[in-house]
Amino acid sequence: MNEAAAPTAETARDGDSLSVTLHGTWTTARIDRRAAALPRISPGGARRARLDIAAVEAIDTAGAWLIYRTIKRLREAGVEVALEGKGTITAGLIETVARHDQPYPPPPKPDNPLVALVLRLGSATIEVAKEARDLVNFLGLTLIVLTRLSFRPWRLRPVALFSHMERSGLNALPIVGLISFLVGVVLAYQGADQLARFGAQIFTVNLVGIGVLREMGILLTAIIVAGRSGSAYTAQIGTMKVNEEIDAMMVLGLDPVEILVVPRVLGLMLVMPLLAFYSDILGLAGGAVMAMATLDISLFQFVRQLNNAVPIWSFWAGIIKAPIFAFVIALVGCYEGLKVSRSAESVGRQTTRSVVESIFLVIVLDAGFSILFSVLGI
Amino acid sequence: MAEDAEPIIRIAGLVTRFGPQTVHDGVDLAVRRGEILGIVGGSGTGKSVLMRCIIGLIRPVAGTIEVFGQDIRKLDDAGWRALRRRWGVLFQDGALFSSLTVGQNVEAPLKEHTKLPPDLRREIADLKISLVGLSPEAANKYPSELSGGMRKRAGLARALALDPEILFLDEPTAGLDPIGAAAFDDLIGRLQRSLGLTVVMVTHDLDSLYAICDRIAVLIDKRVKVGTIESLMREESPWIQDYFKGPRGRAAAQTAERVEAGHRALQGTDRGTKD
């Protein structure tokens, strides 16, 4: 970095005349708070002023701007100003900045925080209501297309369907399996810890069996699938939207719902029960391993207790939710993807929304199922 | 403009490679202080790559790049910092920070690199926004609220924020309508003259080449041929012949002639505006 002289201004007053001599480098890089105060120089009763810039080593628009502002301020105060020692380049610069001096509006003032809070609350509420309405619209559209397709099943695209089943189902096996197994372990350990106080260790099997089959298996699967596949659907369809691929499909007479949404929705609905079943098995296996390790319950005892304590309905109560959760996750994922506007950042925003919304809906639906099952006495 | 002026950028023997694909193989190029140099070439010949090498976003495999007489491959962090405030870069779509308003975008480099007090910083930003021909209201808008042409102007204002000595432009007129493109060319020419800039621009736009470029660097066969349009026309390379003498090239040349004639008629004398 070249150590050029700092910008300085020397002021001398003589009766009613003011003389300002500038030295140093008046550039954007060198101007500091002191130099920036130049335009605020007080005329102090002077009638005439001399601004001498002959000794200035270098100048750019920032320096030219300060000089221009100084002259303007002094002239507004009724002082006659003469600028001395300017070269052609400096004169050109000062002329350029003078031409572009226009009053700018100040940045808009933010609202009163209380008002802003109410405004935000209101607009967020309206936003949620609109979102819900649009989602129901999209649900209707998807159902119509599905019904239409069920009369013409040959229009279904098997390659796309199987590819989505592989990606959302088969490829999810490791992560779903691992998490289910670990949750089975945790459930058994916590249950054993509490139940041992009553000498009722064997009921740990009931806890693990009912807990995993009815709730944990399917819920964990749904949450993992929402995070893994629901977000992927949004990102894939959203990227296609950004690339105008969706528009191209429409123009070519292809129905994006039929081509993009149906294979994803159907594919996920087909694999989700299988994933949930797999999750159930591994959850129970986790519980069994823990029971054997800490409770001295043998595998045989575990299985017999499971068979006695857990009715087959518990299993079905879990599995029956799988296609419905799958439908909701795929629907929300595709819907948010189609809502992407033509910018890259909206892909990210919609993907986040898709995951949050589908997990929220899955848990709300799960609560609904719990109430329904308790009313039905299952 | 002196012919033998000290080059502000000097590239020698530049080689860049992406995997097995060689983009440049021995590029030599000197950019003179105060000129507008246009870099042209067919699609995929590495025009943008060449620019990205100079501004340090891509490391070449071999060769030297000197900017302001410093070899950029030997610079340390402080050297890079000092160098980066002496040039401004306009990316293809402006590359404005989407979370900041236009005004804040222009202020961003000033905030990072200078000791200007906030009110003066704001004034300088407003001045730059006005210099690139944006209306005062644009300062408080976010990039997403601007049209493509306005985003480019705002990007140019940010590139000019630190009063750079060199301005790099990546396809400044791509995506603009012909009137907007001509206005942008005119803007660049005027800024270059009034601020004494050296401009390096990657472009496809023949009208820009005729209107404002002093010299042209043509990327061809992984090397560079430099010259004025007249001298390049005498080259035998079929690509250059097609480029300048094809229908679009001829049309641009005619437009340039008409504009020139108009200028002469208006000014009475030669176009001696460049001092």
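Reader: What makes helix α9 (residues 256-295) of chain A and helix α11 (residues 312-319) of chain A a packed pair, and at what angle do they pack?

Author: In this predicted model, helix α9 and helix α11 of chain A pack at an angle of about 135°, with their axes 10 Å apart. Axes here are lines fitted to C-alpha atoms, for helices over the stretch in contact, and angles run from 0 to 180 degrees between N-to-C directions. Residues are numbered from 1 along each chain as its sequence is written, and local features need pLDDT of at least 70.

Reader: Why are α9(A) and α11(A) called oblique to each other?

Author: Angles under 35 degrees count as roughly parallel, over 145 as roughly antiparallel, 65 to 115 as roughly perpendicular and the rest as oblique; the angle of about 135° falls in the rest, and α9(A) and α11(A) are therefore oblique.

Reader: Which residues of α9(A) and α11(A) meet, and how do you know that they do?

Author: A:P273, A:A276, A:F277 and A:D280 in α9(A) meet A:F315, A:G318 and A:I319 in α11(A), where contact requires that the C-beta atoms, placed from the backbone, lie within 7 Å. The residues of this contact comprise five nonpolar, one polar and one charged, with Ala, Val, Leu, Ile, Met, Phe, Trp, Tyr, Cys and Pro counted as nonpolar, Asp, Glu, Lys and Arg as charged, and the others, Gly among them, as polar.

Reader: How does the radius of gyration of chain A stand against that of a compact globule of 378 residues?

Author: Such a globule would have a radius of gyration near 21 Å, but chain A has 36 Å, taken over C-alpha atoms, with the globule rule being 2.2 Å times the number of residues to the power 0.38. The C-alpha centres of domain 1 and domain 2 of chain A lie 72 Å apart, with domain bounds (8-99 and 144-376) that come from an automatic or database domain assignment.

Terms used: Chains lettered and ligands numbered in written order. Predicted model: local features only at pLDDT ≥ 70, side-chain atom pairs only at ≥ 80, totals over all residues. Helix = DSSP H or I, 4+ residues; strand = E, 2+ residues; numbered from the N terminus. Contact = placed C-beta atoms within 7 Å.
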